[in-house]
Amino acid sequence: MAENSQSQRDQILFEKFCADARAFKARVEITFEEVPAPQRLAPHAVAFSVDVEVRGDDVATGRFVLLHDPAGQEAWGGKFRAITFIRSAIEEDLQSDPLLTDVAWSWVGESLDLVGASYLATSGTVTKVSSASYGQLSEQDQSSEIEIRASWTPSNSAKLMDHLNAWTRMIETVSGLTPIAEGVSALNTRR
């Protein structure tokens, strides 16, 4: 009986997260929207994507998915799982930095810790991508990107929005956006 009651509370918390996330207001450089969620990973899922634009340039994109399985999943160590993806352009000279992937991975834990999001069972990858163009595309500049794929289990289901806020902080860090102090609003600089 108590287990059924906990499952009902978890479902309510998931639905509250969905409502709060749909009402979330990102800073002006970030376009935030709900997108279709994966259907086969858990009985309940919600997904959001972002695109970051700075001075007219698209600098980053990302996706946040929150999964909820009332029965829990052993690999998660819980009933909820946050899955994230971030891709951002980086300066060409950073591509050869041997510490880039380690630093980028540290942004995951730092962002979660910064907002006080409790978590466990982190996993993920950091990938450096470098592209060169040839033939008719040879006039395009070489480009470099970094991709961070991470997942973790929120250990306090009453504070699920902390995890979306942490992911937003990761997006800001990867995009090179200057952090905005708590309680301060950014002015819209778009014309």
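Good morning. I begin with a cluster in which ring pairs link Phe 17, Phe 64 and Trp 167. Rings of Phe, Tyr and Trp (for Trp, its six-membered ring) pair if their centres lie within 6.5 Å; planes under 30 degrees apart count as stacked, over 60 as edge-to-face and the rest as tilted.

A word on the basis of this talk. This is a predicted model, in which local features need pLDDT of at least 70 and side-chain atom pairs count only at pLDDT 80 or more, while totals for chains, interfaces and linings use all residues. Residues are numbered from 1 along each chain as its sequence is written, and side-chain values use heavy atoms, with hydrogens and water left out.

Let me stay with the rings. How many aromatic pairs does the structure hold? There are four aromatic pairs. One of them is formed by Phe 32 and Phe 48, and this pair is stacked because the ring centres are 5.2 Å apart and the planes lie at 10°. Phe 32 belongs to strand S1 (residues 30-35) and Phe 48 to strand S2, so the pair ties together parts that are 16 residues apart in sequence. Strands (E, at least two residues) and helices (H or I, at least four) are DSSP runs, numbered from the N terminus.

I turn now to the salt bridges. The structure holds seven of them, a salt bridge being a side-chain nitrogen of Lys or Arg within 4 Å of a carboxyl oxygen of Asp or Glu. One of these joins Lys 16 to Asp 20, with the closest N and O atoms 2.6 Å apart. Both residues sit in helix H1 (residues 2-22), four residues apart, which is about one turn of the helix. Lys 16 is partly exposed, with a relative accessible area of 47%, and Asp 20 is partly exposed at 30%.

Which residues form salt bridges with Glu 147? Arg 87 is one partner, with the closest N and O atoms 3.7 Å apart. That pair links distant parts of the chain, with Glu 147 in strand S6 (residues 143-154) and Arg 87 in strand S4 (residues 78-90), 60 residues apart. Arg 149 also forms a salt bridge with Glu 147, and here the closest N and O atoms are 3.4 Å apart. As to accessibility, Glu 147 counts as buried because its relative value is 12%. Arg 87 is partly exposed at 29%, and Arg 149 is partly exposed at 40%.

Salt bridges that share partners also join Arg 27, Glu 29 and Glu 172 into one network. Glu 172 lies in helix H3 (residues 161-175) and, at 11% relative accessibility, counts as buried. Glu 172 and Glu 29 are 143 residues apart along the chain, and their C-alpha atoms are separated by 9.4 Å.

Next, the surface. Which residues gather in a patch of negative charge? They are Glu 33, Asp 51, Glu 53, Asp 57 and Asp 58. Patches are made of residues with over 30% relative accessible area and no salt bridge, and like charges are joined within 9 Å. Strands S2 and S3 each supply at least two residues of this negative patch. Asp 57, one of the members, has its place in strand S3 and is partly exposed, at 49% relative accessibility.

I close with two backbone angles. Phi of Arg 55 is near 50°, a positive value in a residue other than glycine. Arg 55 is found in the loop between strand S2 (44-54) and strand S3 (57-73), and Arg 55 counts as exposed because its relative accessibility is 79%. Ala 121 has a positive phi of about 55°, although it is not a glycine. Ala 121 lies in strand S5 (residues 119-131) and is partly exposed, at 38% relative accessibility.

Thank you for your attention.

Definitions and conventions: Buried < 20%, exposed > 50% of the residue type's maximum accessible area, 1.4 Å probe, protein only. Patch = residues over 30% accessible without salt bridge, like charges linked within 9 Å, V, L, I, M, F, W, Y side chains within 5 Å. Areas by Shrake-Rupley, 256 points an atom, 1.4 Å probe, with all protein chains shown as cover. Lys, Arg positive; Asp, Glu negative; His and termini not counted. Charge placed at Lys NZ, Arg CZ, Asp CG, Glu CD.
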